[in-house]
Amino acid sequence: MRMALTRDFKDTVKARAERDPEFRKALVAEAQECLLNNDFATAKAILRDYINATIGFEGLAQAVGTPSKSLIRMLGPRGNPQAKSILPVIAFIRQREHMTGGPV
């Protein structure tokens, strides 16, 4: 059984992401690890949390040149992103967080 995230949880993630760069980096690193371990559902959920807590889908859309609605669908629970779609998103987020080395 999967529990829906509450507004309080989302607000907590947003507040922590706003004040803690290491937390943001940890979210990105965990999403990457999940992708590499074939856990796409968790990776997409973490990426959605990160995006909603930071740049937002509109800002990300402008940065990567993909319509926001496409990004929302791609990272939604039923989304099935291709590598050519999700890798630019991760690359931009890694650059935004000044992450170097490591996977992806």
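## Before we start

Residues are numbered from 1 along each chain as its sequence is written. Because this is a predicted model, local features need pLDDT of at least 70 and side-chain atom pairs count only at pLDDT 80 or more, while totals for chains, interfaces and linings use all residues; side-chain values use heavy atoms, with hydrogens and water left out.

## Helix α2 and its ends

Let's begin with α2, which covers residues 21-36. Helices here are DSSP runs of H or I with at least four residues, numbered from the N terminus. The 16 residues of α2 should span 22 Å at 1.5 Å a residue, and its end C-alpha atoms are 23 Å apart, which agrees. (The expected span is 1.5 Å times one less than the number of residues.)

After α2 comes N38, which has a positive phi near 65°. The buried residues of α2 (buried means under 20% relative accessible area, with a 1.4 Å probe and protein chains only) include F23, L27, V28 and A31.

## R24, a buried arginine

Is R24 buried or exposed? R24 is buried, because its relative accessible area is 16%. Its side chain reaches the backbone oxygen of A17 at 2.5 Å. Leaving aside residues up to four places away in sequence, R24 touches A17, E18, Y50, T54 and E97. Here, touching means heavy atoms within 4.5 Å.

## Helix α3 and T54

Y50, one of the residues that R24 touches, is among the buried residues of α3. This helix runs over residues 40-53 and reaches 20 Å from its first C-alpha to its last, close to the 20 Å expected. Ten of its 14 residues are buried, so α3 is mostly covered.

T54 sits in the loop between α3 and α4. A polar atom of the T54 side chain lies 2.7 Å from the backbone oxygen of Y50. T54 and K14 are 40 residues apart in sequence, and their C-alpha atoms are 7.2 Å apart in space.

## Where α4 meets α6

Helices α4 (residues 56-64) and α6 (residues 83-96) pack at an angle of about 105°, with their axes 10 Å apart. That makes α4 roughly perpendicular to α6, a label for angles of 65 to 115 degrees. L60, A63 and V64 of α4 make the contact with P88, V89 and F92 of α6. These residues divide into six nonpolar, no polar and no charged.

Conventions
Helices (H or I, at least four residues) and strands (E, at least two) are DSSP runs, numbered from the N terminus. Buried means under 20% relative accessible area, exposed over 50%, partly exposed in between (1.4 Å probe, protein chains only). A polar contact is a pair of N or O atoms within 3.5 Å; within protein, one must be able to donate a hydrogen and the other to accept it, and residues adjacent in sequence count only if both atoms are side-chain atoms. Axes are lines fitted to C-alpha atoms, for helices over the stretch in contact, and angles run from 0 to 180 degrees between N-to-C directions. Angles under 35 degrees count as roughly parallel, over 145 as roughly antiparallel, 65 to 115 as roughly perpendicular and the rest as oblique. Ala, Val, Leu, Ile, Met, Phe, Trp, Tyr, Cys and Pro count as nonpolar, Asp, Glu, Lys and Arg as charged, and the others, Gly among them, as polar.
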